[in-house]
Amino acid sequence: MTAASRPARGDRGDGAGDRVAGAGDRGYPHGGGRDGASPPPADASPAHAAVELCGIRLRHPIVNASGTFDAIAARRVFGDELVTRFPFSAFVSKTVTLAPRQGNAPPRLWELPAGLINSIGLPNRGLDGYIEHDLPELARLPVPLIVNVMGFHRDEVVRLVSELSARDEVAALELNVSCPNVETGLVMGADPGETARLLDAVRPLTDKPLIVKLTPNASDVPAVALAAQRAGADAVSLINTLRGMALHPATGRPWLGGRTGGVSGPSVRAIALAQVDAVRAAVDIPIVAMGGVSSGRHALDLIRAGATLVAVGTESFRDPAAGERIAAELAAEQARVAPPRGRRDAG
Ligand code: RRO
């Protein structure tokens with residue numbers, strides 16, 4: 001089946017994308033009174049902000065960046081309030097690998113003047129554990145589920161895509177191509193040929209939307225995006241984190257257990273904007289843009305650069321309700337730039 005002949009995908013058929021409650025005056029998560037947490041927005045998802053990504057209807061354009069919001073832990077803390085006031089219009093899972101992983105040795109984080117370096121190292125239950133334990137929990141969220149997967153060999157990605165594609169709970173798959181192929185040593189997403197070969201292997205296995213998460217640690221990111229599009233990707237997402245390093249101030253040795261890590265947060269926003277702009281010029285498929293977004297204005301910048309959706313990552317560590325606040329701020333910015341019909345003529 002060709003990309004053109006595939007049916008509209010990703011719609012869970014249960015209106016899930018329409019059931020995100022607008023913010024009211026109930027508890028989650030503003031009620032906790034965290035320092036620096038967002039003030040409650042009046043309405044996080046007015047109708048004019050609704051969008052569609054690859055056939056998936058979403059209440060607003062703000063989703064989470066993979067690995068930056070633990071919805072299962074958040075539900076334990078905030079209870080059903082998380083479900084009725086979920087901060088994102090879709091949930092992107094943390095990266096799932098074929099085998100379970102412990103992740104990197106600590107320390108795993110280093111704080112920067114404007115952001116973070118993380119070296120988490122993909123801790124997860126593996127595919128079987130994810131399907132048994134995480135998927136049933138995540139399927140209870142009121143928004144479509146996008147599952148992020150990564151393999152160290154094409155065959156691993158083939159298994160991940162084919163098994164997750166068979167699950168009705170999964171609206172779309174995001175391929176994390178930021179890891180080296182153990183056969184070639186090349187980072188799959190740093191090389192257009194590797195990216196195309198990966199898509200050639202997995203595209204025929206699924207009718208669900210395939211989003212390729214690009215790495216910024218590549219010499220020609222638009223060329224990788226174009227290779228992904230030509231090989232059948234439905235969308236690209238960018239940017240993943242930029243490789244960085246910190247030294248222990250006393251010993252001068254690498255601080256992070258993984259030696260290097262990924263830089264995110266406000267320090268990378270200008271880089272994200274430039275890469276989204278360059279990728280927009282190279283491809284026609286939708287872009288999910290992220291990198292240092294902490295306000296509606298930042299989200300609007302990425303949409304102006306050509307994004308359909310914007311993901312919030314590091315800011316959610318500071319404020320778990322950031323997604324809801326940023327969606328409301330974005331809607332206000334968009335209404336200011338292009339007021340909804342009726343209001344445009346008023347006065
Ligand atoms: O788990 C991680 O350390 C990690 C991943 Br998979 C990723 O895609 N990006 C990142 O900054 N960290």
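Student: Which residues of helix α5 (residues 192-202) are buried?

Tutor: This is a predicted model. In helix α5, the buried residues are Pro192, Glu194, Thr195, Ala196, Leu198, Leu199 and Val202.

Student: And what do those buried residues pack against?

Tutor: The buried residues of α5 pack against helix α4 (154-165), strand β9 and helix α6.

Student: Stepping back, how many helices and strands does the protein chain have?

Tutor: The protein chain has 10 helices and 14 strands. Of its 347 residues, 49% count as buried. Among the contacts with a separation of 6 or more, 74% are between residues 24 or more positions apart.

Student: In what order do the strands of the open sheet come?

Tutor: The open sheet has 8 strands, in the order β3-β14-β13-β10-β9-β8-β7-β4, and the pairing is parallel. The edges are taken by β3 (62-64) and β4 (91-92); each has a single partner strand, so one side of each is left without a neighbour in the sheet.

Student: Let us look at β10. Which way do its residues point?

Tutor: Strand β10 covers residues 235-238. Ala235 and Ser237 point one way, Val236 and Leu238 point the other way, and all are buried. In a regular strand the side chains alternate between the two faces of the sheet.

Student: Which residue of β10 is the bridge partner of Ile211?

Tutor: The bridge partner of Ile211 is Ala235. Strand β9 (residues 210-213) and β10 pair in the parallel sense over 3 bridges. Between these two strands the chain passes through helix α6 (residues 221-230), and this β-α-β crossover is right-handed.

Student: What about β10 and β13, in which sense do they pair?

Tutor: Strand β13 (residues 287-290) pairs with β10 in the parallel sense, over 3 bridges. Ser237 stands opposite Val288 in β13, and the bridge partner of Val236 is Ile287.

Student: Is Asp234 buried or exposed?

Tutor: Asp234 has 23 C-beta neighbours inside 10 Å, so it counts as buried; the cut-off for a buried residue is 20 or more.

Student: What does Asp234 touch?

Tutor: Not counting residues up to four places away in sequence, Asp234 touches Cys54, Pro209, Leu210, Ile211 and Ile285. Asp234 and Leu210 are 24 residues apart along the chain, and their C-alpha atoms are separated by 5.3 Å.

Student: Back to β13, please. Are its faces covered or open?

Tutor: Both faces of β13 are covered. Ile287 and Ala289 are buried on one side, as are Val288 and Met290 on the other. On pairing, β13 and β14 run in the parallel sense over 3 bridges, and Ala311 in β14 is the bridge partner of Met290. From β13 the chain crosses through α8 to β14, and this β-α-β crossover is right-handed.

Student: How many residues of helix α8 are buried?

Tutor: Helix α8 (residues 296-304) has 7 of its 9 residues buried, so it is largely enclosed by the rest of the structure. The buried residues are Gly296, His298, Ala299, Leu300, Asp301, Leu302 and Ile303.

Student: What covers them?

Tutor: The cover includes β3, α7 (269-282), β13, β14 and α10. After α8 comes Gly306, whose phi is positive, near 125 degrees.

Student: At what angle do α8 and α10 pack?

Tutor: The angle is about 60 degrees, and the axes of α8 and α10 are 7 Å apart. The crossing is right-handed. Gly296, Arg297, Ala299 and Leu300 in α8 meet residues of α10, including Ile326, Leu330 and Gln334. Helix α10 (residues 322-337) also lies across β3 and β14 (309-312), running at about 160 degrees to β3.

Student: One last topic: which residues of the largest nonpolar core touch the most other members?

Tutor: That core has 93 residues, and Val149, Leu173, Val236, Val288, Ala289 and Val310 touch the most other members. In soluble globular proteins, nonpolar side chains tend to be buried together.

Student: What is Val310 in contact with?

Tutor: Leaving aside neighbours within four places in sequence, Val310 is in contact with Pro61, Ile62, Ala289, Met290, Val293, Ala299, Leu302 and Ile303.

Technical notes: Residues are numbered from 1 along each chain as its sequence is written. This is a predicted model: local features need pLDDT of at least 70, side-chain atom pairs count only at pLDDT 80 or more; totals for chains, interfaces and linings use all residues. A nonpolar core is a set of buried Ala, Val, Leu, Ile, Met, Phe, Trp, Tyr and Cys residues joined through C-beta atoms within 7 Å. A residue is buried if 20 or more other C-beta atoms lie within 10 Å of its own, exposed if 12 or fewer, and partly exposed in between; C-beta atoms are placed from the backbone. Two residues are in contact if their C-beta atoms, placed from the backbone, lie within 7 Å. Helices (H or I, at least four residues) and strands (E, at least two) are DSSP runs, numbered from the N terminus. Two strands pair if DSSP finds at least two bridges between them. A crossover is right-handed if, with the strands pointing away from the viewer, the path from the first strand over the helix to the second runs clockwise. Axes are lines fitted to C-alpha atoms, for helices over the stretch in contact, and angles run from 0 to 180 degrees between N-to-C directions. A crossing is left-handed if the near helix is turned anticlockwise from the far one by less than a right angle, and right-handed if clockwise.
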